[in-house]
Amino acid sequence: MVKLRLKRCGRKQRQWAVYRIVAIDVRSRREGRDLRKVGFYDPIKNQTYLNVPAILYFLEKGAQPTGTVHDISKKAGVFMELSLN
C-alpha cells in the first residue's frame with residue numbers, strides 16, 4: 001500500500017524542520033526510500049509547493065494521505081480537482 005506522507009529533510013538537530021511530501025510504501029520508515037517526491041512543506045515560513053498532477057495520480061491509484069498531508073492538500077484545493085475529474 002502506498003501513502004502520501006511527510007519526509008523530514010535538512011540538517012540534523014535543526015530546531016525547525018522542513019518536509020518533503022512523498023509517495024512511499026507503508027512499510028518504509030520516515031526517511032526511507034520514496035517512490036516519488038510530490039511536494040514540499042515549510043511550516044515556519046508557511047510555504048507549500050505541490051505537484052498536483054502527481055498527487056492526483058497517486059490518489060486515483062488508491063494512495064492514502066496522512067492527516068497532515070490531507071490538510072495541506074485540502075488547503076491547496078487538490079480534492080476539489082479530484083472531484084472534478
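**Exercise 1.** Which side chain of opposite charge is nearest to Asp42, and how far away is it?

*Solution.* The model is predicted, so local features require pLDDT of at least 70 and side-chain atom pairs pLDDT 80 or more, while totals for chains, interfaces and linings use all residues. Residues are numbered from 1 along each chain as its sequence is written, and side-chain values use heavy atoms, without hydrogens and water.

Step 1. Locate the residue: Asp42 lies in strand β3. Strands (E, at least two residues) and helices (H or I, at least four) are DSSP runs, numbered from the N terminus.

Step 2. Assign the charges: Lys and Arg count as positive, Asp and Glu as negative, and His and the chain ends are not counted.

Step 3. Read the distance: the nearest side chain of opposite charge is Lys45, 4.7 Å away. A salt bridge requires a side-chain nitrogen of Lys or Arg within 4 Å of a carboxyl oxygen of Asp or Glu. Asp42 has no salt bridge, although this residue is buried (buried means under 20% relative accessible area, exposed over 50%, partly exposed in between; 1.4 Å probe, protein chains only).

Step 4. List the neighbours: not counting residues up to four places away in sequence, Asp42 touches Ala17, Val18 and Gln47 (contact: heavy atoms within 4.5 Å).

**Exercise 2.** Describe the two salt bridges of the structure.

*Solution.* Step 1. Asp34 and Lys7 form a salt bridge, with the closest N and O atoms 2.9 Å apart. This pair links distant parts of the chain: Asp34 is in the loop between β2 and β3, and Lys7 is in strand β1, 27 residues apart.

Step 2. Asp34 is buried at 15% relative accessible area, and Lys7 is buried at 12%.

Step 3. Asp25 and Arg27 form a salt bridge at 3.0 Å, N to O. Arg27 is exposed, with 74% relative accessibility.

**Exercise 3.** Determine the strand order of the sheet and the placement of helix α1.

*Solution.* Step 1. The sheet is open, has mixed pairing and runs β4-β3-β2-β1-β5. Two strands pair if DSSP finds at least two bridges between them.

Step 2. The edge strands, each pairing on one side only, are β4 (47-50) and β5 (64-65).

Step 3. β2 (residues 18-25) and β3 (residues 36-42) pair in the antiparallel sense over five bridges.

Step 4. Helix α1 (residues 52-60) packs on the sheet and touches β1 (2-9), β2, β3, β4 and β5. Its direction makes about 120° with that of β3 (axes are lines fitted to C-alpha atoms, for helices over the stretch in contact; angles run from 0 to 180 degrees between N-to-C directions).
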